[in-house]
Amino acid sequence: MSLHISAPKGAVAETVLLPGDPLRAKFIAETFLEEPVEFNRVRNILGYTGRYKGAPVSVMGTGMGMPSMGIYSHELIADYGCRRLIRIGSAGAFHEHVKLRSLVVALSTCTDSNWQHTYGLPGNYAPCCSYPLLRAAMDAAEARGIPAHAGPVVSCDVFYEDL
């Protein structure tokens with residue numbers, strides 16, 4: 001058990017899908033996982049573990065924004081030993097050719113936030129994904145005939161720039 005996740009040790013799979021919306025996590029668990037079991041409800045951030053095609057998979061909401069995602073991802077890694085955290089959900093795009101409902105596979109992520117200074121990281125740190133995981137995602141999309149875009153993404157603290 002961690003400060004923000006009430007799961008006992010062993011209740012969370014090494015692979016975790018992370019939508020921002022907790023109700024989307026519930027929908028994914030009930031729709032795609034075999035025998036999903038709820039492991040978290042703290043602050044209504046819903047988390048479930050089940051099986052997808054026989055493999056253990058968890059899904060948990062993160063709430064909105066980088067601070068919330070930072071809390072949950074840190075606890076999933078440090079307290080539960082999770083190894084593959086995959087952010088899923090909605091996002092905006094800077095390119096007009098990336099249409100609504102497009103599949104975007106993030107190669108790296110940069111930010112306009114100052115979070116990296118908390119950890120003593122210099123400059124604008126842009127962590128990269130695992131290439132084998134990126135390749136597997138792109139191959140899976142291609143095998144299903146789903147157009148996918150791969151490249152760097154940006155995560156911003158501001159949602160509406162016109163304020």
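This is a predicted model: local features need pLDDT of at least 70, side-chain atom pairs count only at pLDDT 80 or more; totals for chains, interfaces and linings use all residues.

**Stop 1**

Is Glu30 buried or exposed? Glu30 is exposed, with a relative accessible area of 53%.

**Stop 2**

Go to helix H4, residues 131-143. Select Arg135 and Asp139, which lie four residues apart in H4, about one turn of the helix. Their side chains meet in a salt bridge, 2.9 Å from N to O. Arg135 is partly exposed, at 32% relative accessibility. Asp139 is partly exposed too, with a relative accessible area of 37%.

**Stop 2: the sheet**

Now show the strands. Look for an open sheet of five strands in the order E2-E3-E4-E1-E5, with mixed pairing. Which strands stand at the edges? They are E2 (34-40) and E5. Each has a single partner strand, so one side of each is left without a neighbour in the sheet. Neighbouring strands of this sheet are turned by 25° against each other on average, with direction ignored.

- E2 to E3: the two pair in the antiparallel sense over four bridges. Select Asn40 and find Gly47 of E3 opposite.
- E3 to E4: strand E3 (residues 47-52) runs antiparallel to E4, and six bridges join them. Select Thr49 and find Ser58 of E4 opposite.
- E4 to E1: strand E1 (residues 15-18) and strand E4 (residues 55-60) run parallel, joined by two bridges. Select Leu17 and find Val59 of E4 opposite.

Go back to the turn between E3 and E4. These two strands form a hairpin, with two residues between them. Select Lys53 in this turn: Lys53 has a positive phi of about 50°.

**Stop 3: a patch on the surface**

Select Phe27, Phe32 and Tyr52 together. They make a nonpolar surface patch of about 330 Å². Tyr52 is found in strand E3. At 39% relative accessibility, Tyr52 counts as partly exposed.

**Stop 5**

Next, select Arg84 and Glu14. Their side chains meet in a salt bridge, 3.6 Å from N to O. Which parts does this pair tie together? Arg84 lies in strand E5 and Glu14 in the segment before E1, so the pair ties together parts that are 70 residues apart in sequence. Arg84 is partly exposed, at 33% relative accessibility. Glu14 is partly exposed as well, with a relative accessible area of 41%. How many salt bridges are counted in the model? The count comes to four.

**Stop 4: helix H2**

Select residues 66-80, which make up helix H2. Have your viewer draw a distance between the end C-alpha atoms. They are 20 Å apart. Why does this agree with the length of the helix? At 1.5 Å a residue, the 15 residues of H2 should span 21 Å. The expected span is 1.5 Å times one less than the number of residues.

Next, colour the buried residues of H2: Met66, Ser68, Tyr72, Ser73, Glu75, Leu76 and Tyr80. Then step just past the helix to Gly81. Gly81 takes a positive phi of about 70°.

**Stop 7**

Finish with Gly92. Where does Gly92 lie? Gly92 lies in the loop between strand E5 (84-87) and strand E6 (103-111). At 74% relative accessibility, Gly92 counts as exposed. Gly92 and Val153 are 9.8 Å apart in space, yet 61 residues apart in sequence.

Technical notes:
Residues are numbered from 1 along each chain as its sequence is written. Side-chain values use heavy atoms; hydrogens and water are left out. Buried means under 20% relative accessible area, exposed over 50%, partly exposed in between (1.4 Å probe, protein chains only). Two strands pair if DSSP finds at least two bridges between them. Patches are made of residues with over 30% relative accessible area and no salt bridge: like charges are joined within 9 Å, nonpolar side chains (Val, Leu, Ile, Met, Phe, Trp, Tyr) within 5 Å. Accessible areas come from the Shrake-Rupley method with a 1.4 Å probe; for residues, only the protein chains shown count as cover. Axes are lines fitted to C-alpha atoms, for helices over the stretch in contact, and angles run from 0 to 180 degrees between N-to-C directions.
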